[in-house]
Amino acid sequence: MSDRMTPAARGDRVLAGYAWLVLALLVLPLIALIPISLGDSPTVSVLPDKLSLRWYREVLGGAEWRSAFWWSLATASVATLISTSIGYLGAYAIVHSQSRLKGMLEVLMLMPMMVPTVIVAFSTYVLATWMPANATWLMISVGQGLLGLPVATLIIAASLRGIDGTVIRAAVSLGGDRRQVFAFVTLPMAIHGIVSAAALSFLIAFDELLIAVFLTRPGIETLPVRIYDSVTYELTPAIAVVSVFLMALVCLAMLAGEVIRRLAANAAVNAPQ
Amino acid sequence: MSDASLSPTVAPRRFLSSLAELQWLGVAVILVFLGVTFIAPLAKVLLLSVTGDDGGATLENFRGLLATSSLRPVLLQTAVTSLEVTLACLVIGYPAAIYLSRLNGWRASLTSVAILFPFLTSSLVRTFVFIVLLGRNGVFNSALEWLGVPGAPFKLLFNQIGVVIGMTYVLLPYMLLSLIGTMRKIDHTLLDAARSLGASRARVFWTVYVPLSLPGVAAGAIITTILGFGYFVTPAMMGGPGERMIAQMVEQRILVMYDLPGAATISVVMLVIVLTTYAAAARWLGLSRLMRPQG
């Protein structure tokens, strides 16, 4: 430390170092999953004695992990469809309605986020008992869709609020009908919000554990359920391999979000005035 | 949109009224969907909690639960754990957020990536890695032994400390996002004004900065406490055998004991606690602020 440094400046430097340390502690444990996944023995270790792709082969070649992945993909995709479409309808009503009841609608849409997840899972379990047994996977999607709904609604509502009403009126007075205005004005201007909402609800559904645990049947097992069971019964680097894939998925989603955001920003700048 | 009637053309007005019809249709779809998939099953859960063995209405479930079962210690344990985790998140997060909220350009982008990446990664994955790191032969204990810390290696797994560490790691991003969102909006000219009026740096911090950041502290603390209260993944994976947290009690009753009225009764107790907290917090801070941890 130089003598010319004031105590305040030194304090700032300590604060900065501390803040970067906290960020490092948030990210480094996840990075540590990469060496763990490259281990050769069945025991998990951050510094494996010998690096190998053994567990990658085991996971990619194993029918159980693959089937779990496909189940997760299927339930999460349908869940995303549910939360994004219902979320859009709700966001539209919340943003454009002048009704006094819209506060109640907002609370209703946010309910699945306020109610503890285990209770949402419990009620989805009850719902599934009312439905035919072969609709179980669809009920998993419905429950996961409910969990993503509040986030989707909030994000889409924020992007709809950002649309200038005069643009819509201009489109209408230029002769656009309802479908054209939606397809060529509202949708492109809200697309960033809709895509972010879809990406977030997909991640929420894809990572969801309790609903899938409650509704799981022989032959229907999602990835989180499989991970949960594996951690409980056999702690192997296979879980780290799956974790690395899940993190790659998150990176992909974040990258896609950023690309869409840039594209939307460019489109807004380049839009004909 | 409200000034549409001032527009010289008639088309927008007709357009808007047709939109209003469509909007009602949308609301109807939402009400039917949520009514069937969420409200009705939730009502059934409430009903289960007041149904006796003979099928009649009774409060016996609640009386039994409060009098005899293990609800009270678990409830206490859950509340203590969620408060400990919230306190840990706040103590760790607050100083870091002060610095991180001041950043611009690529440093700010790096900060949001470093927070959002764990935030979006599956909580199962985040809990799993902590099981590996905190193990007896894990990195954490090895580092402590290497440093010569007396008593190392510690037992950090399958006990309360492990659960608190794991949950703090999982919930810290919520706290950081809430704090940074509020601190970003603090007008730094106010701090300069206080300084130029002769206040010391410490005094400016405690009497100007901290009060201005309180909404973020409150929102972050409430979100962390409520999420921690209902948390399942981390306690179930790191807590060892037994029911440590209330969400595990519900899960055990549904999957292991097949006692749906029991699960419903505990759910109602949980629901009342959580919704009361939300209602009080929403009255104080506004619902929209609570629901947007991104600030």
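User: Where does Arg226(A) sit?
Analyst: In this predicted model, Arg226(A) lies in helix α11 of chain A. Helices here are DSSP runs of H or I with at least four residues, strands are runs of E with at least two, and both are numbered from the N terminus. Residues count from 1 along each chain as its sequence is written, chains are lettered from A and ligands numbered from 1 in written order, and side-chain values use heavy atoms, without hydrogens and water. Because the model is predicted, local features need pLDDT of at least 70 and side-chain atom pairs pLDDT 80 or more, whereas totals for chains, interfaces and linings use all residues.

User: Why is Arg226(A) called buried?
Analyst: Buried means under 20% relative accessible area, exposed over 50%, and partly exposed in between, with a 1.4 Å probe and protein chains only. Arg226(A) has 11% relative accessibility, so the residue counts as buried.

User: What does Arg226(A) touch, leaving out residues up to four places away in sequence?
Analyst: Its contacts (heavy atoms within 4.5 Å) are Glu64(A), Trp65(A), Ala68(A) and Glu221(A).

User: What makes helix α11 of chain A mostly covered?
Analyst: Of its eleven residues, 223-233, eight are buried. Among them are Leu223(A), Ile227(A) and Val231(A).

User: Why is the pair Arg102(B) and Asp12(A) called a salt bridge?
Analyst: The rule asks for a side-chain nitrogen of Lys or Arg within 4 Å of a carboxyl oxygen of Asp or Glu. The closest N and O atoms of Arg102(B) and Asp12(A) are 3.9 Å apart, so the pair meets that rule. Two salt bridges are counted between chain B and chain A.

User: How many residues make the contact between the two chains, and what area is buried?
Analyst: Chain B gives 87 residues and chain A gives 78. About 7600 Å² is buried between them, 84% of it on carbon and sulfur atoms. Buried area is the accessible area (1.4 Å probe) that two parts lose on being put together, summed over both. In chain B, Phe38(B), Phe117(B) and Phe128(B) lose the most area to chain A, together 9% of what that side buries.

User: What is known of confidence in chain B?
Analyst: Its mean pLDDT, the predictor's confidence in each residue from 0 to 100, is 85, and 87% of its residues reach 70 or more. Over residues 1-8 of chain B, pLDDT stays under 50. Where pLDDT is low, the predicted coordinates should not be read in detail.
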